[in-house]
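Visitor: Could you walk me through reading a structure like this one?
Guide: Gladly; let us look at it together.

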Amino acid sequence: MAKAKTPGGRRPGNPQPAPAATVAVEQPAARPRVSPMQFASQVRAEGRKIVWPSRKETWVTSVMVFIMVALAAAFFWIVDTLLSLVFQWVIGIGA
């Protein structure tokens, strides 16, 4: 038999938990607004820092993705087929 809960979910006589300490969150410093030309210049500077993959790296990565997709498709096809056979067998028992 389940025990009845007391109001507030606490048993009488148990001490109340200590209140959680408050944590002050510092607001980030406001950045000065930049002109559209400065913004475009900063975007170009960040774009120059990007390390683009080589043609070979892109090709190898793409082939690996296609292989993994084929393996996943085969796995799910096999599992689906097995589950379908089991389901048909279970339904056939009742017929």
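Guide: We will go through the fold, the surface and the side-chain contacts in turn. This is a predicted model, in which local features need pLDDT of at least 70, side-chain atom pairs count only at pLDDT 80 or more, and totals for chains, interfaces and linings use all residues. Residues are numbered from 1 along each chain as its sequence is written, and side-chain values use heavy atoms, with hydrogens and water left out.

Visitor: How many helices and strands does the chain have?
Guide: There are two helices and zero strands, taken from DSSP runs (H or I of at least four residues for helices, E of at least two for strands).

Visitor: What share of the chain is buried?
Guide: Buried residues account for 0% of the 95 residues; the word means under 20% relative accessible area, with exposed over 50% and partly exposed in between (1.4 Å probe, protein chains only).

Visitor: How is an aromatic pair described?
Guide: By the distance of the ring centres and the angle of the planes. Rings of Phe, Tyr and Trp (its six-membered ring) pair with centres within 6.5 Å; planes under 30 degrees apart are stacked, over 60 edge-to-face, the rest tilted. The whole structure holds one such pair: phenylalanine 75 and phenylalanine 76, edge-to-face, at 5.1 Å centre to centre and 70° between the planes. Phenylalanine 76 has a relative accessible area of 55%, so it counts as exposed.

Visitor: Which side chains meet in a salt bridge?
Guide: Side chains of opposite charge can pair when their charged atoms come close. The cut-off is a Lys or Arg side-chain nitrogen within 4 Å of a carboxyl oxygen of Asp or Glu. One salt bridge is found here, between lysine 49 and glutamate 46 at 3.1 Å, N to O. Lysine 49 is exposed at 57% relative accessibility, while glutamate 46 is partly exposed at 47%.
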